[in-house]
Amino acid sequence: MDLFDLHCDTAFECAGRLGGVDLSEGAWHISLPRGEYLHQWRQIFAIFMPDEYRGEDAVKHYEHVRDYLRRQEGILPERFQIVRSKRQLLATEKQCGCVISVEGGSALAGKIERVQSLYNDGVRLITLTWNGSNELADGIRVEQGKGLTQFGREVVREMNRLHMAVDVSHLSDAGFYDVAELSDVPFVASHSNARSLCGDKRNLTDEMITVIHRRGGIIGLNFCVGFLRDDGNAAVTDILRHAEHMLSLGGENSLCLGSDFDGTDIPSGMTGVESMGELYESFLRLNYREELVNKIFSGNAENYFTKYIFEE
Ligand SMILES: [Zn+2]
């Protein structure tokens, strides 16, 4: 089976808290050997930006995790490759194709020219905010969070120009609608679920889900137990419940997975990337067409990234 997962925090964990352990060893949920059973494995590795970093500190932190990923490519060239082109995205086989994202626009340090330098580093998706506020907008945990700032608007336009994916996960509701209005390129919610099934504001309302579907964007289902169920007591079936709901809103071509591996607590019965095979089987057991399951696990994300982001 193939997997194209829109979000994990493995690079941040390995480069930071775990003191630089290689991806062959990995963190709690992802290591390269644990994903070796996958035929084609594309994984977005987020460079997570803690909200307290600003300016030079933010840049330094970003570069630290970026350099970690580059080092991994150097050490493990057979098993791990940073994807920089459509050709590489499509050719990844029996190795992990890493698409770099940045989770938190503070990595730009308020400088518009840094969008281009992140692009040059291989970054192809930016989650505009984390939970707090930054130079671009307010995150979802900010009381009565505001939408895009002037700088945030400039960043979205520049990302459109460069063909980088704008990610609204973690963004305030006002910010979501600003992006919907402003972005010419279909946008992404890399790791968010349905708010009508689990009320945490990190999840998307049905209206937001429908906007993303209609615009040709993609949504990655998050395995975080607190975003699957209000009581946090989530099982694998809750992932299927959210999938079912998104599909009922017309998500056949936009539903993807955004595991949040190594960034959160996942349902009991799952241990990490090695559990994706079982999840895939769970969909088939519920009589989902194999073609649709393949779209959710990989096809929809591949389609989005080849159509809008990687040009050649
Ligand atoms: Zn996140």
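This is a predicted model: local features need pLDDT of at least 70, side-chain atom pairs count only at pLDDT 80 or more; totals for chains, interfaces and linings use all residues.

Me: Which protein residues are the donors of the zinc ion?

Reply: The zinc ion has Glu103 (OE), His170 (NE2) and His191 (NE2) as its protein donors, at 2.0 to 2.2 Å.

Me: And what spacing do the donors follow along the chain?

Reply: The spacing is E-x66-H-x20-H. His170 sits in the loop between β6 (165-167) and α6 (173-182), and His191 in the loop between β7 (188-189) and α7 (206-215), so this pair ties together parts that are 21 residues apart in sequence.

Me: Why would residues three or four places apart point the same way in a helix?

Reply: An α-helix has 3.6 residues a turn, so residues at that separation point the same way.

Me: Which residues are buried in α7, and what covers them?

Reply: In α7, the residues Met208, Ile209, Thr210, Ile212 and His213 are buried. The cover over the buried residues of α7 includes α6, β7, β8 (218-221) and α9 (236-248). Just after α7 comes Gly216, with a positive phi of about 85°.

Me: What about residues with a positive phi that are not glycine?

Reply: Ala109 is one of them, with a positive phi of about 50°. Ala109 is placed in the loop between β4 (96-103) and α4 (113-120), and it is buried at 16% relative accessible area. Asn287 also has a positive phi, of about 70°, without being a glycine. Asn287 belongs to the loop between α10 (276-285) and α11 (290-309).

Me: Asn287, then: buried or exposed?

Reply: Asn287 counts as exposed, at 72% relative accessibility.

Me: Changing topic. What volume does the largest pocket have, and which residues are closest to its centre?

Reply: The volume of the largest pocket is about 300 Å³. The pocket is lined by 21 residues, and Asp9, Trp130, Asp260, Gly263 and Thr264 are the closest to its centre. By class, the lining comprises 6 nonpolar, 6 polar and 9 charged residues.

Me: How many cavities of 30 Å³ or more does the structure hold?

Reply: There is 1 cavity of 30 Å³ or more. The largest cavity has a volume of about 70 Å³. Its lining consists of 15 residues, with Val168, Leu171, Lys201, Arg202 and Leu204 nearest the centre. The classes in this lining are 6 nonpolar, 5 polar and 4 charged.

Me: How accessible are Phe48 and Trp130?

Reply: Phe48 is buried, with a relative accessible area of 12%, whereas Trp130 is partly exposed at 26% relative accessibility.

Me: And how are Phe305 and Phe310 arranged?

Reply: Phe305 and Phe310 form a tilted aromatic pair, at 6.3 Å centre to centre and with 40° between the planes. Both residues are buried. Phe305 and Phe310 also belong to one aromatic cluster with Phe4, Tyr304 and Tyr308.

Me: Last one: where is Glu56, and how far is it from Ser172?

Reply: Glu56 is in helix α2 (residues 55-75) and is exposed, at 51% relative accessible area. Glu56 and Ser172 are 25 Å apart in space, C-alpha to C-alpha, and 116 residues apart in sequence.

Technical notes: Residues are numbered from 1 along each chain as its sequence is written. Side-chain values use heavy atoms; hydrogens and water are left out. Donors are N, O and S atoms within 2.8 Å of the metal (3.2 Å for Na, K and Ca); water is not among the atoms, so sites may look incomplete. Helices (H or I, at least four residues) and strands (E, at least two) are DSSP runs, numbered from the N terminus. Buried means under 20% relative accessible area, exposed over 50%, partly exposed in between (1.4 Å probe, protein chains only). Contact means heavy atoms within 4.5 Å. On a 1 Å grid over the protein atoms alone, a cavity is a set of points where a 1.4 Å probe fits but cannot get out, and a pocket is an open set with protein on both sides within 12 Å along at least five of seven lines; lining residues have an atom within 4 Å of a point. Grid points are joined across faces, edges and corners, and a volume is the space filled by probe spheres set on the points. Ala, Val, Leu, Ile, Met, Phe, Trp, Tyr, Cys and Pro count as nonpolar, Asp, Glu, Lys and Arg as charged, and the others, Gly among them, as polar. Rings of Phe, Tyr and Trp (its six-membered ring) pair if their centres lie within 6.5 Å; planes under 30 degrees apart count as stacked, over 60 as edge-to-face and the rest as tilted.
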